[in-house]
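Reader: I have a model open and would like to know what the terms used for it rest on. Please take me through them.

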Amino acid sequence: MQIRILKRDAEKQTLIRRLSDEGRTLMFFSEEEPGDEVPHERVSESITVVHPPYEYETLAKWLYLGNWQAIFPGNKDYQPFNTFKSRASDLEKRMKEAKLTLIVDSFHDDIEWNVIEET
């Protein structure tokens, strides 16, 4: 498992481009609804699925406020939690329980992304 904090836009763009190129459908947990410019599928009030291809710039217009999480593969029963304050062993356990290989957690101001990924 790899855990890293992304702060620079270039790092975030590279991650989003790679995930899109790999064909990963992302499930977002966010209170904000995406606009029409983001092709999406609304699962529930706070869960949105975005299928590839997608671009950082388009997603950033929707998610710029922060306080969201994206996971892969999708699991609507997943319960978002504060990954920034969690120990690596707890992150690994929660990911295994939810059968996830990726969590991207955006802090409240969207400056930092905590990326937890199975390697």
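Reader: Which residue is the bridge partner of F29 in β4?

Author: The bridge partner of F29 there is I47. This is a predicted model, in which local features need pLDDT of at least 70, side-chain atom pairs count only at pLDDT 80 or more, and totals for chains, interfaces and linings use all residues. Residues are numbered from 1 along each chain as its sequence is written, and side-chain values use heavy atoms, with hydrogens and water left out.

Reader: What makes β2 and β4 a pair?

Author: Two strands pair if DSSP finds at least two bridges between them, and a strand is a DSSP run of E with at least two residues, numbered from the N terminus. Strand β2 (residues 26–29) and strand β4 (residues 47–50) have four bridges, in the antiparallel sense, so they count as paired.

Reader: Why are β1 and β3 called edge strands?

Author: The open sheet has seven strands in the order β1-β7-β6-β5-β2-β4-β3, with antiparallel pairing. β1 (2–6) and β3 (41–44) each pair on one side only, and they are the edge strands.

Reader: Which strands does β6 pair with?

Author: β6 pairs with β5 over five bridges in the antiparallel sense, and Q69 has D105 in β6 as its bridge partner. With strand β7 (residues 113–117), β6 again has five bridges, antiparallel; V104 stands opposite V115 in β7. β6 and β7 form a hairpin with six residues between them, and D110 in the turn has a positive phi of about 65°.

Reader: Why is β6 called mostly covered?

Author: Buried means under 20% relative accessible area, exposed over 50%, and partly exposed in between, with a 1.4 Å probe and protein chains only. Five of the five residues of β6 are buried, so each of them falls under 20%. L102, V104 and S106 lie on one side, I103 and D105 on the other.

Reader: What makes a space a pocket and not a cavity?

Author: On a 1 Å grid over the protein atoms alone, a cavity is a set of points where a 1.4 Å probe fits but cannot get out, while a pocket is an open set with protein on both sides within 12 Å along at least five of seven lines. The largest pocket has a volume of about 290 Å³, the space filled by probe spheres set on the points, which are joined across faces, edges and corners.

Reader: Which residues of its lining lie nearest the centre of the largest pocket?

Author: F29, N67, W68, Q69 and P80 do, out of 17 lining residues; lining means having an atom within 4 Å of a point. β5 (68–72) and β6 (102–106) each supply at least two of the lining residues.
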